[in-house]
Amino acid sequence: MRLTEFWQRMDGQFGAAYAQSVAKDYVIAGLSDRTVSQALADGEEAKKVWRAVCDAFQLPDRLR
């Protein structure tokens with residue numbers, strides 16, 4: 001998954017403004033207690049980060 005697709009999914013799920021807040025403020029256990037922004041900056045694959053977001057927010061499997 002490319003970063004553009006990742007951000008499209010984030011925006012689609014949370015709305016553009018809230019997606020940025022989730023990325024910066026929400027610490028996700030599945031990302032080794034990092035935020036989305038930290039994980040991406042550390043080089044984690046966008047697909048892995050998206051799956052962690054899906055798990056953390058209990059999004060339906062169809063969105064994975």
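These legends describe close-up views of one predicted model.

Local features need pLDDT of at least 70, side-chain atom pairs count only at pLDDT 80 or more, and totals for chains, interfaces and linings use all residues. Residues are numbered from 1 along each chain as its sequence is written, and side-chain values use heavy atoms, with hydrogens and water left out.

**View 1. Helix α1 from end to end.** Helix α1 covers residues 3-14. Helices here are DSSP runs (H or I, at least four residues), numbered from the N terminus. The expected span is 1.5 Å times one less than the number of residues. For the twelve residues of α1 that gives 16 Å, and the end C-alpha atoms are 16 Å apart, which agrees. Just after α1, G15 has a positive phi of about 90°.

View 2. F6, M10 and F14 are the buried residues of α1. Buried means under 20% relative accessible area, exposed over 50%, and partly exposed in between (1.4 Å probe, protein chains only). An α-helix has 3.6 residues a turn, so residues three or four places apart point the same way. On the other side of α1, T4, Q8 and G12 are exposed. The cover over the buried residues includes α2 (16-25), α3 (36-41) and α4 (46-56).

**View 3. α1 against α4.** These helices pack at an angle of about 15°, with their axes 9 Å apart. Axes are lines fitted to C-alpha atoms, for helices over the stretch in contact, and angles run from 0 to 180 degrees between N-to-C directions. α1 and α4 are therefore roughly parallel to each other, a term for angles under 35 degrees. L3, F6, R9, M10, Q13 and F14 in α1 meet A46, V49, W50 and V53 in α4. Contact means heavy atoms within 4.5 Å.

**View 4. L40 in helix α3.** L40 sits in α3 and is buried, with a relative accessible area of 17%. Beyond its neighbours within four places in sequence, L40 contacts L3, F6, W7, A46 and V49. A23 lies 17 residues from L40 along the chain, and their C-alpha atoms are separated by 9.6 Å.

**View 5. R34 in a loop.** R34 belongs to the loop between α2 and α3. Its relative accessibility is 15%, so R34 counts as buried.

Methods
Helix = DSSP H or I, 4+ residues; strand = E, 2+ residues; numbered from the N terminus. Parallel < 35°, antiparallel > 145°, perpendicular 65-115°, else oblique.
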